[in-house]
Every structure is written in C-alpha cells, then in structure tokens.
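Subject: Structure for you

Hello,

Here is the structure I promised. Please open it and keep it beside you while you read my notes.

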Amino acid sequence: MLTGFIHTGDLHLGRPFTFNKYGNVYGKNKRKELWSAFDEMVHYADEFKVPLILIAGDLFDSQTVITMDVKRVAEAFERLKETRIVIITGNHDYYGENSPYKKVIWPKNVYIFKDDTFKSIYIQDLNVEIYGMSWVKNQYRDFPEIEFKGLQLEETHYNILMLHGEVGGLGPYLPLDLKLLESKGFNTIALGHIHKPGMASGGVAYCGSPVPLHFGETGDHGFLVSRIKTDYENQAFYTSNGLDKIESRSYYTKEIDIIPENTYHDIIEKILCCDVLDKRRENFYRIILKGYIEPEIQLEWLEDDLEDEFYYVEVNTSKIEPDIDIARLLLENGNNVIGKFIRELQAIENTEVRSKALQYSIEAMVGEGIIK
Ligand SMILES: [Mn+2]
C-alpha cells in the first residue's frame, strides 16, 4: 500500500544562468543551488524511505542540456533502492527527437511517460495507478478532452493523474480545466508548469519550482510531501500534503520613493533600509526608484556604491524623473539660446523621446552649471 509520496517538478536542471557581472559568479551559484535542491529532495526520499517520487515535467531546462547532467539525475535515482520514480515531460524537456531523456539508460526504478496520450502504470505492491500525459512537442493549445473523459479508473487503486499545463490558461501551454480534471475522481492530481507551489482541495497541487529561478518567483519554494491513510473497511484513501521548504536565495523587488529634497546620501540610506544587512547579503534585490530627483544627482554609480551592502543588487532608475520646472526655465530664459533650445525639444512629437531629450539636456546643462 502506498503510504506517501513526493511531488516535484520544474527543477529546470541544466539551465544556463547568465549574469553579466563579476565573471558570472551569480550564475554559477544558481546552478549549484539547483543541484543542491535536487540532492536535498533525493536525500529526503532516501532518509524517509519514500516509496514514490512524481516529477511533473520540466525536470530539465532544455533539449540541449549536457549528458553529464542527465546522468547525474539517473545515477541519483538508481541509488534510491526503495523508491519508484515516475516522470512526465514538460514544455522544456519534451520527449522529442533530441530529448534529454534519450541521452542515458535509465535505471529500472524510473518510469518515463513518452507519449502525449494518456497512459497509466500500475505498481502492484503499492496499489497505485499513475496516469500521465507527456509533452512530445513544445506547444499544446488544446487539452485532449475526449480521450480524458474516456478514462476508466479502477476504484480500488489509489489513482494519480500527472499533467504539465496551465490551469485556466488560454495559451500554448496545455490549458487545463480544473473542474474537468476533478470530475474523474483521482485521489491526487499532481501538476507541473506553474513555478509557485499551490495546493487546492480535492488533492490538486502544483509543486512549484524547488528554488526560485528569477525575480518573478517570490514566496516559499520546495517540494511537496503527501501522506496517505488507507481505510481498508470502506476502501477509502485520505491524502494530506504540505510543502517541504528548501532554503535558497530569494528574489525581492523593492520600490523606493525619492523626493527632490533627497541627497545622494539620503538615496543610499533609503535603499539600505529596504532590508536588514543579513538578508541583503544573502538574497537578490531589484530596487525600483520612483518619484522626482534633484537633477544634479547622477545615479550611474549607485550599484557600485551599494555592492558591499548586498549579495546582488540592481537599481532600476527608469521610473524616476528629474525635478525640473520647465515653465520657470522658459520664463527665465525667454528668447535666448537656452529658451530656444528647450522650445525646440518640446516640439518633438514622440512623447517618450521628447521627455528623455528634455531630461538629458537639462540634466547636462544643470551639471555644467549653464542653468540653475
Ligand atoms: Mn513548463
């Protein structure tokens, strides 16, 4: 009988993370972080003798991952003597001609779904039947509804459905209708593709990516652990699940309001107030400055001035505008060359070009002391 299982996916192993900074130290660390998350999951399965691991697609990042990475996974799974591993492929690692899954010989305890039709495997000693549909190309606009409706579940089995797709989606990533999926009476629906972990009633869950991959992925990450109680008398199964959190560097986006009275020093202080030093030295930060700034202040060295205070920081200054009173400048300069120049720039039709042209020219003139 199945007592529990791990549900994971979207590891995107082999992803080439590139940061154009410091010899890509961030990319190298990110790659290590991904592998240690995988190792942590495998270690958990080993330590607690988890009988089943479900991988709901995008275990690998692409069709071009190196063979060594695929081998590393296969070898780790081979060491899990008491665990069965069941895999569906996703939009990144679909089972096509150059599929990463074709690069190695998989151990006997690994089962990979290789078709984009519904197949099932029944593991007798665990009384579990797993239904899965894999990706064999990189787009699915339609869910195979008729085929799905035709599935006949054996009610005495613990039935699992594995899919990689987008609940409520309309795009090319296999749109899934939650009500339709639930109507079949699966004991668990193990989904992949959305990187944020989410568990709904009725045994439906997105495992999420075990570590966040970019600034869009906030909140807790890890892998899901489910426990099953079997009520033999009534032939019923009770499943509970939870997130086993994996510690990793988080991504934070912080918006900071700037006012014209702020000095360069004030701006640095405001940015440092976004978090405590311990956290700043550990995580990824994207700082978005907003509001109006004294035109003399130059922000181009901000990231350099902040680098000792953060593990990683990037500053976005596109939403900040210089505090310039154009009406006053025009009044003060009348018909002299500065006045004429500003009027000329004001005539530019494209709004974005006009505002940037005004901003940069006036900043330059203020910087050179031509205007005050
Ligand atoms: Mn995906």
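**What I found**

Strand E1 (residues 4-8) pairs with strand E2 (residues 52-56) in the parallel sense, over three bridges. Two strands count as paired if DSSP finds at least two bridges between them. Helices (H or I, at least four residues) and strands (E, at least two) are DSSP runs, numbered from the N terminus. The bridge partner of His 7 is Leu 54 in E2.

The model is predicted: local features need pLDDT of at least 70, side-chain atom pairs count only at pLDDT 80 or more, and totals for chains, interfaces and linings use all residues. Residues are numbered from 1 along each chain as its sequence is written.

Now the whole sheet. Six strands form an open sheet with mixed pairing, in the order E4-E3-E2-E1-E13-E14. Strand E4 (110-112) and E14 are the edge strands, and each pairs on one side only.

Next, the hairpin. Strand E13 (residues 222-231) and strand E14 (residues 236-245) pair in the antiparallel sense over 10 bridges. Leu 224 stands opposite Leu 243 in E14. Four residues lie between E13 and E14. In that turn, Gln 235 has a positive phi of about 55°.

Last, a helix. How many of the eight residues of helix H8 (residues 326-333) are buried? The number is zero, so H8 lies largely in the open. A residue is buried if 20 or more other C-beta atoms, placed from the backbone, lie within 10 Å of its own C-beta; it is exposed at 12 or fewer, and partly exposed in between. Gly 334 follows H8, with a positive phi near 40°.

Best wishes
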